[in-house]
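Grab a pencil and have the viewer open. Here are a few exercises to work through, each with a solution you can follow step by step.

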Amino acid sequence: LNSPDYFSSLCSGLNNDGSPINIFGNSNAKQGSNYVGGIFFQANYETKEYIYQQLTSPLQAGKNYCLSFYVSRADRVTHAIHSIGAYFSNNVQSAAALGYVNVMPQIVNQSGFITDTTNWVQIQGCYTANGGEQYITIGNFNANINTDTLFVGSYDPHPGAYKYAYYYIDDVTLIDQSTVGFKELNNENSFEIYPNPTNSILNIIDKQNQ
């Protein structure tokens, strides 16, 4: 517990940390062949696991950043949650004695309970930086009492993962929205896009159907 997992195709057939088959189920990666995972809810303990990463450079005050990442529920656990999010901070966050990181995430899942064990579900949102944030943490930032859960069962429940909600995470992308422009659109139709670049409203016109 308190240690998220890295699942690699290099470990397939060797131990519990393989990809796509591992201790918590069978899941192909969203991109490539590796992904990470963690316990986002466990009924018997106030214990949650988090994934964090230091950014290559701190966020700049007033700039708008858009985050996207994908999650998939492990199929050998019995529960699902919807309170999965991401938190930007100046320092590494700690669960400490509480057993969970007690903060308000800037990016939160808006699509209800995430039950899918086959497909990857996208969580995304945009955030205007205060400035200096250099870490991103992904997980469930609620205490058990404030975490809504859904029993979904399992075809082969892991005996040591009773009442768990365990999720795989892959394909995390953070974009500085203020620098984004459209250079190419891979589509058979012809589109006009303006203004380019933009940090507000983007207009897309299908010129073929005008």
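Before we start, one term: a strand here is a DSSP run of E with at least two residues, and strands are numbered from the N terminus. Also keep in mind that this is a predicted model.

**Exercise 1. Work out what kind of secondary structure the protein has, and how many of its residues are buried as a percentage.**

Step 1: Use the cut-off for burial, which is under 20% relative accessible area. Of the 210 residues in the protein, 39% are buried.

Step 2: Check the contacts between residues at least 6 apart in sequence. Of these, 75% join residues at least 24 apart.

**Exercise 2. Describe the largest pocket: its space, its lining, and the strand that gives the largest share of that lining.**

Step 1: Start with the space, which comes to about 380 Å³.

Step 2: Find the lining. It has 24 residues, and Q53, L55, I136, V172 and T173 lie nearest the centre of the pocket.

Step 3: Sort the lining by element. Two or more residues each come from β4 (35-42), β5 (51-54), β6 (64-73), β11 (135-139) and β13 (164-176). The largest share is that of β13, with seven residues.

Step 4: Sort the lining by class. You get 14 nonpolar, seven polar and three charged residues.

**Exercise 3. Now do the second largest pocket: how much space does it hold, and which residues are closest to its centre?**

Step 1: The space is about 180 Å³.

Step 2: There are 13 lining residues, with K48, E49, Y50, Q93 and A95 closest to the centre.

Step 3: By class, seven of the lining residues are nonpolar, four are polar and two are charged.

**Exercise 4. Is Y167 buried or exposed, and what does it touch?**

Step 1: Locate Y167 in strand β13.

Step 2: Y167 has a relative accessible area of 0%, so it counts as buried.

Step 3: List its contacts, skipping neighbours within four places in sequence. Among them are V36, G37, G38, F40, V71, A80 and I84.

Step 4: Pick out F40. Along the sequence, Y167 and F40 are 127 residues apart, yet their C-alpha atoms are 7.0 Å apart in space.

Step 5: Finish with a side-chain detail. At 2.7 Å, the side chain of Y167 reaches the backbone oxygen of I114.

Notes
Residues are numbered from 1 along each chain as its sequence is written. This is a predicted model: local features need pLDDT of at least 70, side-chain atom pairs count only at pLDDT 80 or more; totals for chains, interfaces and linings use all residues. Side-chain values use heavy atoms; hydrogens and water are left out. On a 1 Å grid over the protein atoms alone, a cavity is a set of points where a 1.4 Å probe fits but cannot get out, and a pocket is an open set with protein on both sides within 12 Å along at least five of seven lines; lining residues have an atom within 4 Å of a point. Grid points are joined across faces, edges and corners, and a volume is the space filled by probe spheres set on the points. Helices (H or I, at least four residues) and strands (E, at least two) are DSSP runs, numbered from the N terminus. Ala, Val, Leu, Ile, Met, Phe, Trp, Tyr, Cys and Pro count as nonpolar, Asp, Glu, Lys and Arg as charged, and the others, Gly among them, as polar. Buried means under 20% relative accessible area, exposed over 50%, partly exposed in between (1.4 Å probe, protein chains only). Contact means heavy atoms within 4.5 Å. A polar contact is a pair of N or O atoms within 3.5 Å; within protein, one must be able to donate a hydrogen and the other to accept it, and residues adjacent in sequence count only if both atoms are side-chain atoms.
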